[in-house]
Every structure is written in C-alpha cells, then in structure tokens.
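Please read the following with the sequence and the model side by side. The text goes from ring contacts to the sheets and then to single positions.

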There are 2 protein chains.
Amino acid sequence: YHTMALFVRSLSSSPPSHGPRLRPSLLRSRCRFMSSGSSRWNVRVSSSSSSPSPSPSSSSSSSSSLESVVSSLKWDEKGMLVAIAQDADTGMILMQAFANKDAVMNTVTSRKATWYSRSRDKLWIKGEESGNFIEVTSVYADCDGDSVIYLGKPRGPSCHTGAQTCYYTQLDGPDGAIANNQVKEHKKDFAHTHEHGAGAAPTATPTLLALQRTIADRANEPVVEGTKPSWTRRLLSNHELLCSKVREEADELCQALEKNEGVERATSEFGDVLYHSLVLLHAAGGDVNDALATLRARFNQSGVEEKASRK
Amino acid sequence: YHTMALFVRSLSSSPPSHGPRLRPSLLRSRCRFMSSGSSRWNVRVSSSSSSPSPSPSSSSSSSSSLESVVSSLKWDEKGMLVAIAQDADTGMILMQAFANKDAVMNTVTSRKATWYSRSRDKLWIKGEESGNFIEVTSVYADCDGDSVIYLGKPRGPSCHTGAQTCYYTQLDGPDGAIANNQVKEHKKDFAHTHEHGAGAAPTATPTLLALQRTIADRANEPVVEGTKPSWTRRLLSNHELLCSKVREEADELCQALEKNEGVERATSEFGDVLYHSLVLLHAAGGDVNDALATLRARFNQSGVEEKASRK
C-alpha cells in the first residue's frame with residue numbers, strides 16, 4: 001500500500017453544481033483542413049491567451065461563458081456538429097451522432113451525453129428511455145471547432161443492440177470477420193464486462209481492451225487432444241505458474257532499469273508485466289475497465305484521501 | 001521470457017496485397033436513432049448470415065466486394081459520412097473529418113487514412129503533404145453505417161498544429177484549463193512521445209495515456225522547500241524505492257489471487273502494478289504507446305515466432 005498524490009486537474013470532472021468556467025478568447029481556429037470559411041470559431045473576445053485566469057470562486061457568470069464558448073463552435077448549415085462519445089478509461093468509441101448547440105450545452109450542464117434527433121426534432125439524451133446514460137466527465141472540441149468528444153462512462157450498452165459500442169462491423173476484416181460480428185444481447189451482463197470477452201464480436205477497441213478480449217477467448221478455447229494449449233490458457237489453468245510469471249516479469253522490468261538495459265528492453269518487459277497482470281486479473285474475475293476507472297478516481301484524490309479510501 | 005500464443009484474427013491488419021474480403025449481406029441497419037429513412041445500409045445480398053465463408057484463397061473478387069460493401073454504407077445527401085481516426089493502441093481520437101466513398105475505399109486499399117476535402121474538391125490523404133500519414137490497420141462502421149472508425153497508427157502529429165490530436169480544447173475545464181491548452185510545436189519530438197507529457201496540453205485522452213502524462217508532469221514539478229514531493233516524484237528520484245514498489249505490488253496482485261481476496265482487491269492491486277510499472281517505464285525513458293504497440297504486434301505471431309523475434 002502506498003499513497004499516490006497524483007492530483008491532476010485536467011482529468012477532474014467538474015461537479016455539475018459548480019458549473020464550467022470558460023475562456024472564449026482561447027478558442028480559435030488552428031486547423032486549415034476542411035475549413036468552411038466560417039469565422040465563428042475564430043472569435044477572440046480578448047486578445048491575450050496568457051491573461052490570468054479568474055480564481056475558482058470568482059466566476060459568477062459561468063453559464064453565460066459556457067453559452068458564449070459553445071456558440072463560438074463551428075456549426076454547420078443545419079446548426080449541427082459531430083459529437084463522438086468515448087469511454088474515458090478504455091478509449092473505446094461508443095457512438096457518434098450530431099449535436100446542436102442545446103445538445104452540447106445540455107451535455108456539459110447535465111453530464112449526460114446528449115445529441116439532437118432530426119427525425120424527432122428534439123434533443124436526444126442517450127439513455128432517457130433505456131436508462132443507459134453516458135455520464136460525461138469532460139468535453140473536448142477539435143482544432144477547428146466542428147467536432148466534439150464527450151469523454152465519459154457508459155452506464156449500460158451504448159448501442160441499442162446491447163453492444164457496448166455501435167462500431168462492431170469491421171469493413172476490412174478477414175473472411176468471416178463480419179459473420180462473427182453477431183452482437184449478443186447482453187444488457188444484463190454489462191456490469192461484469194469481462195464476460196463480454198468470450199465469444200463477443202470483434203469491435204473497434206484499443207489494444208488493452210482487445211488484449212483482454214483475447215485472454216477471455218483463450219479461457220474458453222476448446223482443448224484439443226494432442227495439441228498444445230495456448231500460453232494464456234496454460235496460465236489460466238495453473239495459478240501457481242501464473243503468479244510465478246507475474247513476479248518474474250515484474251522482476252525483469254525492474255532489472256531493465258537497475259541494470260540499465262535500455263529503453264527497448266524496458267518497453268518489452270513492461271508489455272510482459274501488463275499482459276501477465278491482465279491474465280491474472282481475468283483469473284480473479286476482474287476487468288481492466290474497472291481497474292482503469294479505479295486508477296482515474298485516484299487522480300483526483302490527495303495521497304491521504306486515497307489511502308483512507310482504501311481502508 | 002516466454003511464449004505468447006495470442007494469435008488473434010480480429011486484430012490482424014490484413015496485408016494490402018491480399019485485399020479485404022467482405023460480405024455485404026451482413027451489413028444491416030440495427031440502430032434506430034438518427035435514421036434518415038435511407039435503406040441503402042439495409043442491403044441484403046444474401047439472406048443468411050451464417051452461410052459458409054469463402055476460403056481465403058477463393059476471393060478473386062475482393063475489390064468488387066469491397067466496393068459493394070462500402071457502397072452500402074449510409075451516405076448523406078452530399079455523399080459523405082463521418083470518419084474518425086483513432087490510435088489503435090492508446091485509443092486516442094486523432095481527428096475527424098468527412099469521407100466520401102472513394103475516400104473510404106482508398107483508406108482500406110492503401111492503408112492511409114483518407115478523407116474528402118470539399119473546399120479543394122478532392123480526396124485528402126492525411127500526410128500527403130506533411131508526411132504524417134495515419135497508417136490504418138482496420139476500419140469499422142457503426143450500427144447504422146453512417147460513421148466509420150479508421151483504427152491505426154499516426155506517423156507524426158495528426159493535427160497540423162503539431163499536436164498529436166486535434167482535440168486539445170477542453171470546453172468544460174476548470175479555470176485555466178483552456179489557458180493551458182497551448183499546443184507546442186513538437187513535430188520533431190513526436191517519435192519520443194513520452195516527452196509530450198511534460199507540460200503538454202491536456203487533451204482528450206483515455207486513462208492510461210492521461211496517467212502517463214501526469215507522471216511526466218510529476219517528473220518536472222518544482223520541489224518546494226518544506227513541502228513533501230508527490231509520491232510519483234519520490235519514486236522517480238529513488239530507483240531503489242521504485243523497483244521495490246514494483247516488486248511489492250506485483251506480489252500483492254499475486255496474493256489477491258493466491259489468497260482469494262476478492263475481485264475488488266485484485267482490481268485495485270492491478271491498478272497499483274500498472275501505475276508503478278508506468279512510473280518505471282518513464283524512468284527508463286519508455287512510452288506506453290510503444291509498449292502497447294509491441295504487445296499488439298505479438299498478437300499476430302505464434303508463440304514460436306514471438307519468442308524468435310525477441311532473440
């Protein structure tokens with residue numbers, strides 16, 4: 001056990017009660033590609049980007065500031081922009097739809113990912129019917145202000161099919177990849193996400209999640225007489241071997257630093273530690289999504305708080 | 001050292017020389033939200049999704065299949081859809097722009113992320129001028145076929161400003177968050193990505209990358225007389241302490257399994273191992289991006305190949 005004084009402001013999710021405080025002067029266009037010629041994103045309310053920030057307690061006009069900043073985004077001729085929902089921990093892109101100004105405003109103030117439904121001509125708060133909200137911790141705009149990311153955590157499947165992400169159809173997969181893309185309805189199992197690994201569809205997932213899915217697949221692979229099981233399968237069926245490998249790889253990672261074996265070796269050993277730790281996490285019934293969320297939560301705590309919270 | 005028989009088909013990047021093989025019959029609309037009423041995404045060329053896949057060697061018509069599948073995506077009235085480029089390893093969303101059919105086709109066949117520039121009225125291969133291509137390993141469509149993800153690796157900054165991602169403007173940050181969003185031109189430093197951590201702008205990054213950035217920030221924090229340095233800073237300035245913690249946390253993770261301490265404890269200990277290993281990786285000059293890329297590369301190798309490749 002230890003203390004981790006990781007306090008990092010950039011990852012903190014502003015509590016909705018405080019409201020966001022924004023500086024429109026700093027929103028300016030820096031991307032040239034696909035510029036529509038609109039200058040709305042180029043607004044500069046003040047000329048200096050290094051002017052002192054107001055103190056946290058001095059921003060009584062936070063909602064009008066928010067409105068001003070959101071208004072300065074680059075809305076298309078229909079008053080829309082692209083809003084992408086992304087899992088704050090795993091990086092998985094959950095879904096994408098279009099948002100108008102009210103939708104972005106509502107997302108920031110309510111912390112529920114919100115889009116605009118043109119067919120129903122109204123705001124669409126994801127989860128308002130299903131309960132599967134996406135709880136947004138931060139909102140980022142891209143360099144030319146015509147696209148935003150809702151970074152947050154899904155409370156349930158993000159796709160109405162029951163899939164975690166809407167992006168489960170690989171266009172360029174090998175034969176059969178799309179055939180395997182049958183999305184199982186697994187809404188009730190969503191909380192225990194490690195189980196979506198086994199037999200689940202390949203989706204657009206970054207490496208760590210993809211590796212976890214592979215490990216889950218290995219856990220369920222049929223053992224064929226006369227063939228050697230995969231290394232992962234062997235580890236999962238022999239916890240003594242698994243633990244000895246986790247300790248061994250941690251030791252080798254340390255030696256890479258202690259013996260100054262070079263960055264390439266350290267990188268490789270880090271990968272070994274990560275992989276074997278993931279296998280152990282699976283064996284213990286855990287999920288990397290939860291582990292990352294736990295880590296992120298610690299960022300916003302002082303060391304003392306973090307230590308106290310673990311007692 | 002060990003063998004990792006992780007061979008996983010879903011993560012493999014099809015070599016461009018083989019070309020993609022696609023099954024249009026399996027692309028069908030399953031998302032109801034934001035449906036434009038178009039039925040193009042509902043095309044079913046054959047009726048069964050469980051029909052046998054052609055063998056890898058039998059698909060001489062792969063490019064026409066690709067064209068058929070891409071054509072069946074749900075193109076808007078301008079012939080465009082949303083195409084999002086995402087780092088395959090870290091999950092960082094790099095940029096977003098619109099793509100027409102030729103752009104998606106070109107992305108799959110050339111493996112270079114491609115969009116369509118309406119202002120220049122032509123395909124826009126990201127990097128064609130700067131050399132900063134995004135090398136695409138797989139392409140995913142969302143459930144209703146009006147949005148795709150280009151999952152790949154950027155060979156340089158993805159934003160023309162020199163930032164890794166275009167999403168560096170936080171709309172809902174605490175005071176000063178946007179002020180800190182000054183993007184440094186760090187094109188020449190891009191290869192050594194760990195250094196973008198120190199003092200770099202907060203961007204829309206998933207937890208693992210954000211944690212690495214925090215660690216880099218801690219490495220550069222000023223030490224104030226009479227105040228206790230952060231835990232991370234202490235670890236970075238004392239490699240003996242750091243290594244003893246990595247070994248200790250690996251041991252505690254193992255004990256969580258050996259002593260059956262429960263999933264919550266295992267999850268927390270996994271987080272401890274991950275954090276301390278990241279600090280060590282930083283101390284050794286490494287970067288989690290490279291570590292994840294190394295891990296992903298191993299997925300596509302048999303255990304024997306993997307072992308041989310490390311000799």
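**Rings, sheets and buried positions**

In chain B, the charged end of Arg118(B) is placed over the ring of Phe98(B), 5.2 Å from its centre; a charge sits over a ring if NZ of Lys or CZ of Arg is within 6 Å of the ring centre and within 35 degrees of the ring normal. In chain A, Arg118(A) lies over the face of Phe98(A), at 5.2 Å from the ring centre.

This is a predicted model, in which local features need pLDDT of at least 70 and side-chain atom pairs count only at pLDDT 80 or more, while totals for chains, interfaces and linings use all residues. Residues are numbered from 1 along each chain as its sequence is written, chains are lettered from A and ligands numbered from 1 in the order in which they are written, and side-chain values use heavy atoms, with hydrogens and water left out.

Over all chains, a search of the whole structure finds four aromatic pairs. One of them is the tilted pair of Trp115(A) and Trp124(A), 6.0 Å centre to centre with 40 degrees between the planes. Rings of Phe, Tyr and Trp (its six-membered ring) pair if their centres lie within 6.5 Å; planes under 30 degrees apart count as stacked, over 60 as edge-to-face and the rest as tilted. Trp115(A) also forms a tilted pair with Tyr150(A), at 5.4 Å centre to centre and 55 degrees between the planes. Because Trp115(A) lies in strand E3 (residues 114-117) of chain A and Tyr150(A) in strand E6 (residues 147-154) of chain A, this pair ties together parts that are 35 residues apart in sequence. Helices (H or I, at least four residues) and strands (E, at least two) are DSSP runs, numbered from the N terminus. Trp115(A), Trp124(A) and Tyr150(A) form one aromatic cluster. Both Trp115(A) and Trp124(A) are buried, as are both Trp115(A) and Tyr150(A); buried means under 20% relative accessible area, exposed over 50%, partly exposed in between (1.4 Å probe, protein chains only).

How are the strands arranged? An open sheet of five strands runs in the order E2(A)-E1(A)-E6(A)-E5(A)-E7(B), with mixed pairing. Strand E2 (93-99) of chain A and strand E7 (169-170) of chain B stand at the edges, each with a single partner strand, so one side of each has no neighbour in the sheet. Two strands pair if DSSP finds at least two bridges between them. Strand E1 (residues 81-87) of chain A pairs with E2(A) in the antiparallel sense over six bridges, and Ile84(A) stands opposite Gln96(A) in E2(A).

Another open sheet of five strands has the order E7(A)-E5(B)-E6(B)-E1(B)-E2(B), again with mixed pairing. In chain B, strand E5 (residues 134-141) and strand E6 (residues 147-154) are antiparallel partners over seven bridges; Ala141(B) has Val148(B) in E6(B) as its bridge partner.

Asn100(B) is found in the loop between strand E2 (93-99) and helix H2 (101-110) of chain B. Asn100(B) counts as buried because its relative accessibility is 15%. Leaving aside neighbours within four places in sequence, its contacts (heavy atoms within 4.5 Å) are Trp75(B), Gly79(B), Met80(B), Tyr116(B) and Leu123(B). In H2(B), the buried residues include Ala103(B), Val104(B) and Met105(B). Arg111(B) follows H2(B) and has a positive phi, near 65 degrees.

Leu73(B), in the loop between helix H1 (62-71) and strand E1 (81-87) of chain B, is buried, with a relative accessible area of 0%.
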